[in-house]
Structures are given as structure tokens and as C-alpha cells.
Amino acid sequence: MHTQIEELDDLTKVSPVKKIEEQKMHDVLLLLENLTSREEASIKLIIDCLYDVGYVNLINQKFRSRTLNGSLKLIARVSKPAFKVIAWKWYKRNCPQLIVNWLRKQVAFEPATTVKQAAEIEAGLEPEPTPPIHPTSVMKLESQNREVKYLRSQVRMLASILVAVTAVFGGTVVWLGYSLERYNLQTVEQLNNRVRVLETSTDEPLATGKEN
């Protein structure tokens, strides 16, 4: 009976602390969202710099061909404004909460259970059983795994789109070159015909004058 009363006292003590913790972390989230709105220009500049570094490294690692490498970098530079718009929307929607989650882990100061268990084994004591994983933590891990898979699929899709665009772009360039070559040949042929017509028209009076 005495033990049950102590456990109830512990719950009443922990509950207000958790409520205060949740409120404080919610305040941090609001502050980060406010900071994001106020520092939009700075964040967009950061995204701009990361994009310039990221697309070069990604293309250099995935595509070794010089021709394809250069074409993809050109396409990446052209598509940069669209990427910045998408990246900014993603940042506003996800990054404040991700930063809050990371900061919360830093201030949790969770004990190193593995080190504690190793010390107990060396002392000949039976290690304490590992506490069960909280369902909320499992849901967070699953959500993070889904997000990582989604980002990977987006990267693969972007690479496929870049390859397709490069193929279309290359075909368009070849077709334009062929069309320009035909146009030039036709123009040269038309000029040659005009020159022949002019030469014949100038030769006819001369021939008539000689006969007179």
C-alpha cells in the first residue's frame, strides 16, 4: 500500500514536468517558425549555396561522361529557380519541427544504458531489463524512415528526369543543327541560281551588241 502511494506521488510529480516540457518545446517551435519567416532571405541564400555545391557533387558522382556531365550541370543551373521554390516550401513545412526534435534530444540527457549494463555485468550483478520502446518513439522512427525513403525516391526521380531532359535536349540540338544545315544549303543554292540568272541576263545584251 505504501509503495502504491509513492508511485502515485511520482506520477503527480512527473506529469506537471512533462506538461511544462511540452509547452516549452512548443514555444521553441513557434520561435523557430517566426525566425524562419523573418530570415527568409538568409535561408534562401543558404539553400542557394547548398544547391550550388550539391548538384555539382551529385552529378560528378553519378555521371562520369564529360558530355552528359556538362549537359546535366547546365540543366541543373537552369532549373535552379524552380528547385529553390520547392526547397523553401519544404523547409517551412518540415525543418522547424525537425530542429525541435533534434534539440529535444540534446536536452533530454538520457542515460547511457549500455554503459550501465556493462558495468553491472563486470560487477557480477544482473543487468536491469531494457525498458520497452515507447509507441510514440516507434511512430517517430517509422515517420523518419518514410521521409528518408521519400527523399531517396525524389532524388532517383530527379536523376531520371535529368537524363530524360538531357536526351530530349540533345535530340533537339541535333534536329536544329540538321535543319540549319539544310536551310543553309537551300540558301546557297538559291544564291547560286540568282547569280546564274544575273550572269545570263548580262551576257545577252553584250552578245546582241557584237552582232550589230
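The model is predicted: local features need pLDDT of at least 70, side-chain atom pairs count only at pLDDT 80 or more, and totals for chains, interfaces and linings use all residues. Residues are numbered from 1 along each chain as its sequence is written, and side-chain values use heavy atoms, with hydrogens and water left out. The chain has 6 helices and 0 strands.

**Overall fold**

- Along the sequence, the pattern reads α-α-α-α-α-α. Helices (H or I, at least four residues) and strands (E, at least two) are DSSP runs, numbered from the N terminus.
- The chain has 212 residues, and 12% of them count as buried. Buried means under 20% relative accessible area, exposed means over 50%, and partly exposed lies in between (1.4 Å probe, protein chains only).
- Take the contacts between residues at least 6 apart in sequence: 66% of them join residues at least 24 apart. Contact means heavy atoms within 4.5 Å.

**Helix H2 against helix H4**

- Two packed helices are described by the angle between their axes and the distance between the axes.
- Helix H2 spans residues 40-62 and helix H4 spans residues 80-108. Their axes come within 10 Å and cross at roughly 125°. Axes are lines fitted to C-alpha atoms, for helices over the stretch in contact, and angles run from 0 to 180 degrees between N-to-C directions.
- H2 is therefore oblique to H4. Angles under 35 degrees count as roughly parallel, over 145 as roughly antiparallel, 65 to 115 as roughly perpendicular, and the rest as oblique.
- On the H2 side, the contact is made by Glu40, Ile43, Lys44, Ile47, Asp48, Tyr51 and Asp52. On the H4 side, Lys80, Phe83, Lys84, Ala87, Trp88 and Tyr91 take part.
- The crossing of H2 past H4 is right-handed. A crossing is left-handed if the near helix is turned anticlockwise from the far one by less than a right angle, and right-handed if clockwise.

**Helix H2 against helix H3**

- Helix H3 covers residues 66-78. H2 and H3 pack at an angle of about 155°, with axes 10 Å apart.
- That angle makes H2 roughly antiparallel to H3.
- H2 brings Tyr51, Tyr55, Val56, Ile59 and Asn60 to this contact. H3 brings Asn69, Leu72, Lys73, Ala76 and Arg77.
- H2 passes H3 in a right-handed crossing.

**Residues at these helix contacts**

- Ala76 sits in helix H3. Ala76 counts as buried because its relative accessibility is 4%.
- Beyond its neighbours within four places in sequence, Ala76 is in contact with Tyr51, Tyr55 and Ile59.
- Ala76 and Val56 are 20 residues apart along the chain, with C-alpha atoms separated by 8.8 Å.
- Asp52 belongs to helix H2. Its relative accessibility is 30%, so Asp52 counts as partly exposed.
- Asp52 and Ala76 lie 24 residues apart in sequence and 9.1 Å apart in space, C-alpha to C-alpha.
- Lys80 is placed in helix H4. With a relative accessible area of 17%, Lys80 is buried.
- Lys80 is in contact with Asp48, Tyr51 and Asp52, leaving aside neighbours within four places in sequence.

**Ile99**

- Ile99 is also placed in helix H4. Its relative accessible area is 31%, so Ile99 is partly exposed.
- Leaving aside neighbours within four places in sequence, Ile99 is in contact with Leu32 and Tyr91.
- Ile99 and Leu29 are 70 residues apart along the chain, and their C-alpha atoms are separated by 8.3 Å.

**Cysteines**

- A disulfide is a covalent bond between the sulfur atoms of two cysteines. Here the rule is a pair of cysteine sulfur atoms within 2.5 Å. By this rule the count is 0 disulfides.
- Cys49 counts as partly exposed, at 49% relative accessibility.
- Cys95 counts as buried, at 12% relative accessibility.
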